[in-house]
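Here are my notes on the helix packing and the nonpolar cores. Please read them with the model open.

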Amino acid sequence: MKLIVGLGNPGKKYDRTKHNMGFMTIDRLMDEYGQTQMKKDFEAEYCKFKVDGETVFLVKPLTFMNESGRAVNFLMGYYQIKSEEMMVIQDDLDMPIGKVRLRTKGSAGGHNGIKSIISAVGTKDFKRIKIGIQHPDRQTVVNWVLTPFNKDQEPVALSGIDQAVDMVKDWVAGSSIDQLMNKYN
């Protein structure tokens, strides 16, 4: 199984904000895999489908960023998904806009969605795709992450989402983490 979790905040007012890079990536993956509907259950929106015999879940927790772990833990428990079968897509303040990096484990690095998942599932050992949103120069972090990219930043951010989509598709198709790291990091 492959559990792909995109982090973000639910609701129209957060749709295209920097903190919703994970949700935007899940939306693109839905298109790429020809999925048109998500069901709401386990405090999440998700869809489940097969790719070459592999069961794939695309998930957007509806618990807001700081409680993402609750939805992830419910799904993992119900479907008996192991942490090594999970990949989380998150925004990252410490990388330039649109830069993408794959990690196999580690601390939350100050990201509240990742903190929540680590706490809920009881391990730091799960894959993450980090998409850079850059640290703000003049505004608070909260205001920065909850606003959209400007017209100059948006194409760069979207290229990061494109790369994250390619990375997930390669993983689902059978590429190992080492192969992905060599290709994308």
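1. This is a predicted model. Start with its largest nonpolar core, which has 34 residues. Ile 4, Leu 29, Leu 58 and Ile 129 touch the most other members. Helix α5 gives the most to this core, with eight residues.

2. Look at Leu 29 next. Leaving aside neighbours within four places in sequence, Leu 29 contacts Ile 4, Leu 58, Ile 89, Val 165, Val 168 and Lys 169.

3. Leu 29 also belongs to the α1 side of the contact between α1 and α5. Helix α1 covers residues 21–32, and α5 covers residues 154–172. They pack at about 55 degrees, with axes 9 Å apart. That angle makes α1 oblique to α5. The crossing is right-handed.

4. Which residues in α1 and α5 meet? From α1 come Met 21, Met 24, Thr 25, Arg 28, Leu 29 and Glu 32. From α5 come Ala 157, Ile 161, Asp 162, Ala 164, Val 165, Val 168 and Lys 169. By class, that contact has eight nonpolar, one polar and four charged residues.

5. Helix α5 also packs with α6, residues 177–184. The angle is about 155 degrees, and the axes are 10 Å apart. Angles over 145 degrees count as roughly antiparallel, so α5 and α6 are roughly antiparallel to each other. This crossing is right-handed.

6. In α5, Gln 163, Asp 166, Met 167, Asp 170 and Trp 171 meet Ile 177, Leu 180, Lys 183 and Tyr 184 in α6. The classes here are five nonpolar, one polar and three charged residues.

Notes:
Residues numbered from 1 in each chain as written. Predicted model: local features only at pLDDT ≥ 70, side-chain atom pairs only at ≥ 80, totals over all residues. Heavy atoms only, no water. Axes fitted to C-alpha atoms, helices over the stretch in contact; angles between N-to-C directions. Helix = DSSP H or I, 4+ residues; strand = E, 2+ residues; numbered from the N terminus. Parallel < 35°, antiparallel > 145°, perpendicular 65-115°, else oblique. Left-handed = near helix turned anticlockwise from the far one by under 90°. Contact = heavy atoms within 4.5 Å. Nonpolar A, V, L, I, M, F, W, Y, C, P; charged D, E, K, R; others polar. Core = buried A, V, L, I, M, F, W, Y, C linked by side-chain atoms within 4.5 Å. Buried < 20%, exposed > 50% of the residue type's maximum accessible area, 1.4 Å probe, protein only.
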